[in-house]
Amino acid sequence: MMEQDRYTVGRHLTIRYLGPIHMADINMKRVNVVIGEQSSGKSCLLKTAFYCAWVEERIKIEQRTDRFERDDAFIRQFIQIHKMDDFVNDNTEIAYESDYMRFSYVHKQHKFSFEWKSGRWDYQRPKVSYIPSERNLVAAIPNWFQVNFDSNNIQQFMADWEDARKSKTKGYEVLNLGVSYYYDPTDKSDHVRLSNAKTIKFSNSSSGLQSLIPLLVLLSYITSDEYRQEYNRNFDKSQERGQVLNALTKYYREHLDELRSLVCVCKDDRLIWDDGFGNTLYNQAVIDMFVDISQRLITPHHCDIFLEEPEQNLFPPTQGLLINHLMELTEDHRHHRLFIATHSPYILGKMLERTDYDFGLFYIQPINDGMSEVREATEQDIQEIYEDGVDAFFNIETLGHE
């Protein structure tokens, strides 16, 4: 696969009978938006997409699937991470496919199925991040770091926020709003400097800033070179590093012929040396490929960002500024990917102003008995929404109809 294609890989997600979702069958793009009524399944879709991206990352790092095969582990971890115990039923099915692998889970059969695909070794590790609508907790609860949260997506967000806030001791400008945020390490406190130069505690700032600052500070950190460097330093000391290298070493030894076929073999195809432990090392091309694959699995290259309600408590023009900022991230040379669930026509309208990127719009329509279907807007739908001023939120039932 060409370098530039690693970040525009196809990702196909299918969901059946999960919460209010009767059926979802979508091809995810680099930038995705889902709209729909409250309680119609937007968060179910977003959380499932995030979880499948996280499962994919775990399988690639460990090069094995047993952690998801034993005793319904796939669905149990899904329920724990996203508090989905009231949404899974006997008919629930989830299937995910990318250029690297495909896997599925059928709850009625308690069966997790998996297979590798031809792009297995093209995988470039992302930082998979779920930013919940509850992100303002870090401001609303000043001593949040002393609270014991369950092991779920909110706890994961809090852990990322803890690292992100520590990176802003010198201040962080919040869009072009004339305010800035900074972290004071002396007393582990968060502050906002207003446009009049007055400084207040973050917990005393407006509801809009309490929603916006955690989002922006976290994204600023996880998309930075500073994060990648810090991650690598911590990774070198972690158990995960051993898992990656041990898994690749095992595969390297068991599938040498397959690995050799994936590279341009050197003209001099002789054995190079023995490591002194009876393990023969092969031609330099194979070794170089092993190092390259290891590095791509170890170091997060780009971010897969799953974001709930970016518009939360924001003035409409500020929503536009935020979307411009998010789109700039997706246009970064690292090709960060974005999946948003939103109720805001301002958010959607701003995203539709651009036509030069890989974009998917998904909408949720009710069918019967409180159930709904997730559908993908056609090019015609998108053109009508943008050119004719059709409000997709007030006319969601007409989308997809000629």
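Residues are numbered from 1 along each chain as its sequence is written. In this predicted model local features need pLDDT of at least 70 and side-chain atom pairs count only at pLDDT 80 or more, while totals for chains, interfaces and linings use all residues, and side-chain values use heavy atoms, with hydrogens and water left out.

Q: Why is the pair of Phe339 and Phe362 called tilted?
A: Rings of Phe, Tyr and Trp (its six-membered ring) pair if their centres lie within 6.5 Å, and planes under 30 degrees apart count as stacked, over 60 as edge-to-face and the rest as tilted. By this rule there are 23 aromatic pairs. The ring centres of Phe339 and Phe362 are 6.1 Å apart and their planes stand at 35°, so the pair is tilted.

Q: What makes this pair a tie between parts apart in sequence?
A: Phe339 belongs to strand E15 (residues 337–341) and Phe362 to strand E16 (residues 359–366), so the pair links parts that are 23 residues apart in sequence; strands here are DSSP runs of E with at least two residues, and helices are runs of H or I with at least four, numbered from the N terminus.

Q: What makes the pair of Tyr357 and Phe359 edge-to-face?
A: The two rings lie 5.5 Å centre to centre, with 70° between the planes.

Q: Why is Tyr357 called buried?
A: Buried means under 20% relative accessible area, exposed over 50%, and partly exposed in between (1.4 Å probe, protein chains only). Tyr357 has a relative accessible area of 12%, so Tyr357 is buried, and Phe359, at 15% relative accessibility, therefore also counts as buried.

Q: How do you know that the charged end of Lys60 sits over the ring of Trp121?
A: A charge sits over a ring if NZ of Lys or CZ of Arg is within 6 Å of the ring centre and within 35 degrees of the ring normal. The charged end of Lys60 is 4.8 Å from the centre of the Trp121 ring, and Arg120 lies over the face of Trp116 at 3.8 Å from the ring centre.

Q: Which residues lie nearest the centre of the largest pocket?
A: Arg125, Lys127, Asp160, Tyr227 and Tyr231 lie nearest the centre of this pocket, which is lined by 27 residues. On a 1 Å grid over the protein atoms alone, a pocket is an open set of points where a 1.4 Å probe fits, with protein on both sides within 12 Å along at least five of seven lines, and lining residues have an atom within 4 Å of a point. Helix H5 gives the largest share of the lining, seven residues.
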